[in-house]
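Please view the sequence and the structure first, and then read the points below.

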Amino acid sequence: MKKDLQNSTSDSNLVEEARKTLQGAKDWLLEDMALMSAYWHDKMGYTEAWVDANWHLVLDGGHELVEELDEKEDAALLWLINHVNNNPVPLEECHVAGTQVEAGTYTCMSCGHLNEQPQAQALPTCEICHYGLMSSHG
């Protein structure tokens with residue numbers, strides 16, 4: 001059986017080119033990861049230093065300020081999750097079975113059944129599929 005030298009050379013050139021491309025991509029990724037790691041290390045170091053230096057301001061403000069900061073942080077986190085993920089139902093309108101809810105209509109997040117709550121009470125599971133996550137989103 002005769003070997004085709006031109007195809008063999010071409011194949012080895014392709015393999016070598018692919019190897020170089022993959023090596024370059026790996027190097028690029030590792031450099032990017034090192035830069036991101038350094039950035040976040042510096043950013044977190046600055047944040048920790050600021051908190052250490054200024055924590056007395058929060059403590060002097062009292063317990064109400066800490067609660068207010070927690071509420072703002074929670075609201076900001078919800079906004080970020082809802083907008084980054086393009087959630088069709090905002091998380092603040094999702095309710096887990098067993099939590100206290102107001103009277104109204106709650107849509108099952110599994111089967112879509114509309115579950116009526118005639119009064120404020122602990123949210124039961126779906127009447128149809130017994131799923132435990134409901135939405136009050138209109």
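Leaving aside neighbours within four places in sequence, Gln117 is in contact (heavy atoms within 4.5 Å) with Val101, Glu102, Ala103, Gly104, Tyr106, Leu123 and Pro124. The model is a predicted one, in which local features need pLDDT of at least 70 and side-chain atom pairs count only at pLDDT 80 or more, while totals for chains, interfaces and linings use all residues. Residues are numbered from 1 along each chain as its sequence is written, and side-chain values use heavy atoms, with hydrogens and water left out.

**Overall architecture**

- The protein holds two helices and six strands; these are DSSP runs numbered from the N terminus, a helix being H or I with at least four residues and a strand being E with at least two.
- Read from the N terminus, the order of the elements is α-α-β-β-β-β-β-β.
- Of the 138 residues in the protein, 11% are buried; buried means under 20% relative accessible area, exposed means over 50%, and partly exposed lies in between (1.4 Å probe, protein chains only).
- The accessible surface of the protein is about 11,000 Å², and carbon and sulfur atoms account for 60% of this surface; accessible areas come from the Shrake-Rupley method with a 1.4 Å probe, and for residues only the protein chains shown count as cover.
- When contacts between residues at least 6 apart in sequence are considered, 36% join residues at least 24 apart.

**Gln117 and Gln121**

- Gln117 belongs to strand 4 (residues 114-117) and is buried, at 6% relative accessibility.
- Gln121 belongs to strand 5 (residues 121-122) and is partly exposed, at 25% relative accessibility.
- The side chains of Gln117 and Gln121 are joined by a polar contact of 2.4 Å; a polar contact is a pair of N or O atoms within 3.5 Å, where within protein one must be able to donate a hydrogen and the other to accept it, and residues adjacent in sequence count only if both atoms are side-chain atoms.
- Not counting residues up to four places away in sequence, Gln121 touches Thr99, Gln100 and Val101.
- The C-alpha atoms of Gln121 and Gln100 are 5.3 Å apart, although 21 residues separate the two in sequence.

**Gly104 in strand 3**

- Gly104 is placed in strand 3 (residues 104-108) and is partly exposed, with a relative accessible area of 25%.
- Beyond residues up to four places away in sequence, Gly104 touches Asn115, Glu116 and Gln117.
- Gly104 and Ala120 are 16 residues apart in sequence, and their C-alpha atoms are 8.4 Å apart in space.

**Cysteines**

- Cys108 also has its place in strand 3 and is buried, with a relative accessible area of 2%.
- Residues touched by Cys108, not counting those up to four places away in sequence, are His113, Asn115, Cys126, Cys129, Tyr131, Leu133 and Met134.
- From C-alpha to C-alpha, Cys108 and Cys126 are 6.1 Å apart, with a sequence separation of 18 residues.
- Cys126 is buried, its relative accessible area being 0%.
- The disulfide count is zero, where a disulfide is a pair of cysteine sulfur atoms within 2.5 Å.
- For Cys126, the closest cysteine sulfur is that of Cys111, at 3.7 Å, which is too far for a bond.

- The structure has one salt bridge, defined as a side-chain nitrogen of Lys or Arg within 4 Å of a carboxyl oxygen of Asp or Glu.
- This salt bridge links Arg19 to Glu16, with the closest N and O atoms 2.7 Å apart.
- Side chains of opposite charge can pair when their charged atoms come close.
- Both Arg19 and Glu16 lie in helix 1, three residues apart, or about one turn of the helix.
- Arg19 is partly exposed at 47% relative accessibility, and Glu16 is partly exposed at 32%.
- Trp28, Leu29, Met33, Met36, Tyr39, Trp40 and Met44 make a nonpolar surface patch of about 790 Å²; patches are made of residues with over 30% relative accessible area and no salt bridge, like charges being joined within 9 Å and nonpolar side chains (Val, Leu, Ile, Met, Phe, Trp, Tyr) within 5 Å.
- Trp40, one of the patch residues, is found in helix 1 (residues 5-61).

**His130**

- His130 lies in the loop between strand 5 and strand 6 (133-135) and is exposed, with a relative accessible area of 57%.
- The phi angle of His130 is near 65°, a positive value in a residue other than glycine.
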